Amino acid sequence: MADPGADEPSPRTESPDGEGRVSEDRSLLHQRLAIRELIDTEVSYLHMLQLCASDIRGRLQQLPQGDLDVLFSNIDDIVKVNSRFLHGLQETASREEDQVQLIGNLFLEFQEELEQVYKVYCASYDQALLLVDTYRKEPELQREIQGIIEAVVPQAGSSGLSFLLVIPLQRITKYPLLLQKILENTLPDASAYPVLQRATHALQDVNANINEYKRRKEVASKYTKVEQLTLRERLARINTHTLSKKTTRLSQLLKQEAGLVPRTEDKEFDDLEERFHWVSLCVKETKNNVAAYLDNLEAFLHFRPQECDLDVGGGPVVQYCSLTRDLQLQAFPEFKRRLEGLVWQPLCSLAKTLAGPQNLIKKRLDKLLDFERVEEKLLEVGSVSYEEEVARHTYQALNSMLVAELPQFNQLAMQWLRQILCTFVALQRDLAKQVLQRAEGSLAQLPHHHIPELAFRKLVEDALGQTSHQLHSFQKNFEKVLPPPTIQPLLPGAERQVQALLSRYGPGKLYQVTSNISGAGTLDLTLPRGQVVALLQNKDTKGNSSRWLVDTGGHRGYVPAGKLELYRVVPRDKELRGQAGPHEDSRHLTPEPTPVPVSSVPTMTQVVAVYPFLARSSHEVSLQAGQPVTVLEAQDKKGNPEWSLVEVDGQRGYVPSSFLARAPSPAPWGWSLPS
């Protein structure tokens, strides 16, 4: 008899298929739930971002704009990216059979954009937390901020700003977890599995890259600060550790210079550094030129010829004065104000932004020496200490960040500079247009307004030529009236120094200073009028022939060539008479120009000072040009006729004889301007 249960299916043979279907259904359900969680949480997250970017930031008006920029960073960019990302997620719901694969492709598509916007936000997060801590130290401000946040986002609770600021960090780190959850509930043989796997790994890489970028920024921020320290503060920072580091770096550098160890070559960075230095040079030169332009503009505004009494009534002069007064009071000051605000201040800001990268490049060189030393040790020993490993990673972080960001910085700096120059040109164009508009009415009333441009140019050239001829004639007449100029005699006690220069360089190299020289640069000399110097080179290191290198007998430096005149050695009177003696070869050192006018003036003669003279000791007396002087003795106590004892305003003292001349009669001064 047959077994009644023989036709019934065995539970043991049916269970694997049933369990498989149940497992697939369970995985599919969990997959759907994970996808739903991804989309729902993305909606809530984007809503919170929009509240922060609009409502909360808009109500925190009591905070400075700089604080708001740090707190909310690039949240607007995050909102834009995540809005498009959410739109893409929601569109996948319409194709349920391919939804998983579409989600994976969507994450791969947004991988780069998500990394770019979130790494900027994460890098500034720590600085934002520092601001939050400062607000907590001001109870009144903290209560206002807390009230605003609780009114917009009640779930923030007592955390306040901290709760809102951390939300983007939490979201970017949660994407890999959500993808992993979907992946775990996707069959390995499903077509969407490889795509989801790549998307999961891609988002994990995004988070790793963000962490690395944040670390590099922290390293860079440590070295971009340019501190203005006094010498005492710098010395206070020196300790055995810093001395050891600097000594090691110097040793490494010397070994490289000697060729004992190879130098690390980085062509990519070297090219970027060279371009950065060119950008810095352009900014520096432009800033110097604009500063000089502003100085000249300031001097121009102080020159107001329209306020002078020109002693010419009516006609074009009145029109000129009216136009010039109008321009001086309105057009030019407005141009100067706009120039300072739109050109000078942005240019100064651009120059300041260069300080950070310059400091980073300098620190990179120091860290490169540390890195090379650690690499040598690693090859020799096979291991390094924790501190050496940190130094190695610090160089790698600095170098990677500079290579990645210097191209962008160079490009932005050049765009900034180009915009400044374009603004400068536009301001010049506006000024010219404004001046022409203001001048139209005045020009129409001038006598030559109807003359064509070429004829007017010819008229101006002829007028300038005639005026130049009159000025030249006036100069000649003026030179005839004044006594001939003379060079100041040797300073007392300078003959020995001049004799030393003469014996060392020869007479052809000696020059005398014609007017006082005040040195402006570190290599420039400050010399009094009359000092004798020896010429070493008739140009400076840049080939500028207007600056000469001279030797004073004690110091060497540069002086203006226009203030030097050739100094010649003239024989004494005894030698001219042919008198022989033990000092027959001795020479008397005097300037080449001309006789002393008062050497033959008898005692108690009334003369005038031709040039001003400033007394340098109690034995001398000061003079003003044209001042009456009474000559008491036409020589000093040693019989030297180059110095005369005089009386001026009741004071007695010595002055150079060449500074004095007989008072001229009224006739020579009867010149008149050429007609």
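**Helix contacts and aromatic rings**

The axes of helix α12 and helix α14 (residues 355–380) come within 11 Å of each other and cross at roughly 145°. Axes here are lines fitted to C-alpha atoms, for helices over the stretch in contact, with angles from 0 to 180 degrees between N-to-C directions; helices (H or I, at least four residues) are DSSP runs, numbered from the N terminus. This is a predicted model, where local features need pLDDT of at least 70, side-chain atom pairs count only at pLDDT 80 or more, and totals for chains, interfaces and linings use all residues. Residues are numbered from 1 along each chain as its sequence is written, and side-chain values use heavy atoms, with hydrogens and water left out.

**Where α12 meets α14**

- On the α12 side, the contact (heavy atoms within 4.5 Å) is made by Phe-269, Glu-273, Phe-276 and Ser-280.
- From α14 come Pro-357, Gln-358, Ile-361 and Arg-364.
- The charged end of Arg-364 sits over the ring of Phe-269, 3.6 Å from its centre; this calls for CZ of Arg, or NZ of Lys, within 6 Å of the ring centre and within 35 degrees of the ring normal.

**Aromatic pairs**

- The structure holds eleven aromatic pairs, counted when ring centres of Phe, Tyr or Trp (its six-membered ring) lie within 6.5 Å, with planes under 30 degrees apart called stacked, over 60 edge-to-face and the rest tilted.
- One of them is the edge-to-face pair of Phe-85 and Phe-110, with 5.4 Å centre to centre and 75° between the planes.
- Phe-85 belongs to helix α3 (residues 75–92) and Phe-110 to helix α4 (residues 99–123), so this pair links distant parts of the chain, 25 residues apart.
- Both Phe-85 and Phe-110 are buried, where buried means under 20% relative accessible area, exposed over 50% and partly exposed in between (1.4 Å probe, protein chains only).
- Another pair, Phe-276 with Phe-409, is tilted, at 5.9 Å centre to centre and 45° between the planes.
- Because Phe-276 lies in helix α12 (residues 267–302) and Phe-409 in helix α15 (residues 386–444), their pair ties together parts 133 residues apart in sequence.
- Phe-276 is buried, at 0% relative accessible area, while Phe-409 is partly exposed, at 22%.
- Phe-85, Phe-107, Phe-110 and Tyr-175 form one aromatic cluster.

**Elsewhere in the chain**

- Lys-119 lies over the face of Tyr-213, at 4.7 Å from the ring centre.
- In helix α2 (residues 65–72), the buried residues are Asp-67, Leu-68, Val-70, Leu-71 and Phe-72.
- Ser-73 follows α2 and has a positive phi, near 45°.

Key
Helix = DSSP H or I, 4+ residues; strand = E, 2+ residues; numbered from the N terminus.
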